Amino acid sequence: MSLRALMDKRSKLVIGLMGGTSADGVDAALVRITGWGLDTQVEQLAYVSVPFSDVVRARILELAGGSFGGSRELGRMNALLGRLYLDACVAVCRRAGVELSDVDLVGSHGQTVYHQPGREEYLGREIAATYQIGDVSVLCERMGAPAVSDFRMRDMAAGGQGAPLVPYTEYLLYRRPDQDVALQNIGGMGNITFLPRDGALSQVIAFDTGPGNVLIDAVVGRLSGGALRFDEGGRLAAAHPVNGPLLAWLMEDPYLRQPPPKTTGREKYDQAFVEALYRKAGELAVPEGEVLATVTRYTAETIAYAVRHQLPRLPAILVAGGGGSYNQTLLGHLRALLPELQVAVNEDLGLDGDAKEAVAFAILANEAIHGMCGNVPSATGAAHPVVMGKISQ
């Protein structure tokens with residue numbers, strides 16, 4: 001289908017693909033999108049999460065860590081992820097009972113292997129940089145549909161940080177006329193969006209709160225000798241007390257007090273950060289179980305700090321999403337730290353929290369096809385709104 005024919009088609013079947021910083025796998029959501037812009041209506045038809053094998057995940061994390069790889073490894077992983085993304089498209093279509101050839105459009109975030117939002121000196125120039133891999137050419141070839149990818153770069157070209165990217169879609173789907181709403185995603189990193197009651201898109205505030213699951217997952221992996229990827233339900237953390245001195249050391253992290261707009265990633269909360277954490281735990285004689293309990297509390301503290309100190313006012317409701325929303329210990333800490341407001345999950349609103357970010361990239365792809373700006377400058381720091389994404393067909 002030509003882009004002109006696609007633009008003229010008011011209702012489309014769109015797949016959104018999301019690979020997060022935890023590198024657990026790829027989320028795929030098949031949605032029916034009607035309209036565009038503020039008239040957008042979305043019906044979720046199916047969702048799947050296709051996990052990466054342990055060896056693929058380990059290699060992605062090595063590449064993202066910056067201490068391994070080069071053009072050969074990046075090129076091969078870029079091609080491999082394209083095929084794994086195709087597998088996810090096949091799986092979500094099968095679940096919905098839809099033929100692959102019936103899909104009109106794909107939006108793929110890709111897998112972030114590098115994100116440097118601030119300008120730094122490089123070979124005589126001041127640059128900011130980001131890099132997402134996962135070639136979409138194989139999707140176009142096998143599905144016969146256009147694909148939109150590489151969403152971050154245009155925002156960064158306009159002076160933004162290339163993140164967070166989902167506030168535009170959150171504004172479309174979650175805003176309320178009578179209540180301030182905050183949305184907290186807890187993926188590898190944590191990011192928050194504040195939707196003022198009956199507010200305009202230009203009033204939306206969004207930024208990264210700090211680590212989401214990244215430190216918890218790292219400590220769980222170390223605690224279990226590599227047998228576990230995450231703390232299911234927060235049960236391991238719940239079995240140990242929080243260590244006050246270690247938590248106080250973590251709370252000295254200067255990123256917390258950095259004013260928005262701001263974004264972060266594995267480039268900061270990396271293996272070196274984890275090693276520094278364990279060195280401090282050793283100095284304080286903190287048992288490993290308490291390290292896990294403490295980083296879980298720390299994650300909640302970073303979110304609560306953002307809500308109390310970096311939003312214009314307390315929202316009526318904080319809706320938690322992402323993998324961390326299943327960590328009951330983490331949610332318990334959040335509710336204890338923010339007793340004045342309702343801490344809920346997407347499912348409390350009748351929505352699918354697992355699919356939320358994949359759905360967002362389906363919407364952003366549809367906006368790109370229609371030439372609609374999809375960034376929120378008040379969130380990313382860009383000089384002006386831009387159309388995000390590169391179209392392949």
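Predicted model: local features only at pLDDT ≥ 70, side-chain atom pairs only at ≥ 80, totals over all residues.
Trainee: Okay, which strand order does the open sheet of five strands have?

Mentor: The order is 9-8-7-10-11, and the pairing is mixed.

Trainee: And which strands stand at the edges?

Mentor: Strand 9 (205-211) and strand 11 (342-345). Each has a single partner strand, so one side of each is left without a neighbour in the sheet. On average, neighbouring strands here are turned by 20° against each other, ignoring direction.

Trainee: How many bridges join strand 7 to strand 8?

Mentor: Six, with strand 7 (residues 181-186) and strand 8 (residues 189-195) running antiparallel. To find your place, look at A182, which stands opposite F194 in strand 8.

Trainee: What about helix 6, which strands does it lie across?

Mentor: Helix 6 (residues 167-174) lies across strand 7, strand 8 and strand 9. Its angle to strand 8 is about 50°.

Trainee: Switching to charges. Which residue meets E170 in a salt bridge?

Mentor: That's K356, at 2.4 Å from N to O. The two sit in distant parts of the chain, with K356 in helix 13 (residues 356-369) and E170 in helix 6, 186 residues apart.

Trainee: Is E170 buried or exposed?

Mentor: Buried, because its relative accessibility is 2%, under the 20% cut-off. K356 also counts as buried, at 13%.

Trainee: How many salt bridges does the count come to?

Mentor: It comes to 17. One of them pairs D104 with K9, the closest N and O atoms being 2.9 Å apart. D104 is in the loop between helix 3 (71-96) and strand 4 (105-122), while K9 is in the loop between helix 1 (3-8) and strand 1 (11-19).

Trainee: Are those buried or partly exposed?

Mentor: One of each: D104 is buried at 6% relative accessible area, whereas K9 is partly exposed at 31%.

Trainee: Which residue does D150 form a salt bridge with?

Mentor: K390, with the closest N and O atoms 2.7 Å apart. D150 lies in the loop between strand 6 (147-149) and helix 5 (152-157) and K390 in strand 12 (residues 390-392), so the pair ties together parts 240 residues apart in sequence.

Trainee: Last topic, the surface. Which residues form the nonpolar patch?

Mentor: L223, L228 and L236, with about 210 Å² of accessible area together. L236 is in helix 8 (residues 235-238) and is partly exposed, with a relative accessible area of 33%.

Technical notes:
Residues numbered from 1 in each chain as written. Heavy atoms only, no water. Patch = residues over 30% accessible without salt bridge, like charges linked within 9 Å, V, L, I, M, F, W, Y side chains within 5 Å. Areas by Shrake-Rupley, 256 points an atom, 1.4 Å probe, with all protein chains shown as cover. Salt bridge = Lys/Arg side-chain N within 4 Å of Asp/Glu carboxyl O. Helix = DSSP H or I, 4+ residues; strand = E, 2+ residues; numbered from the N terminus. Buried < 20%, exposed > 50% of the residue type's maximum accessible area, 1.4 Å probe, protein only. Pairing = 2+ DSSP bridges. Axes fitted to C-alpha atoms, helices over the stretch in contact; angles between N-to-C directions. Contact = heavy atoms within 4.5 Å.
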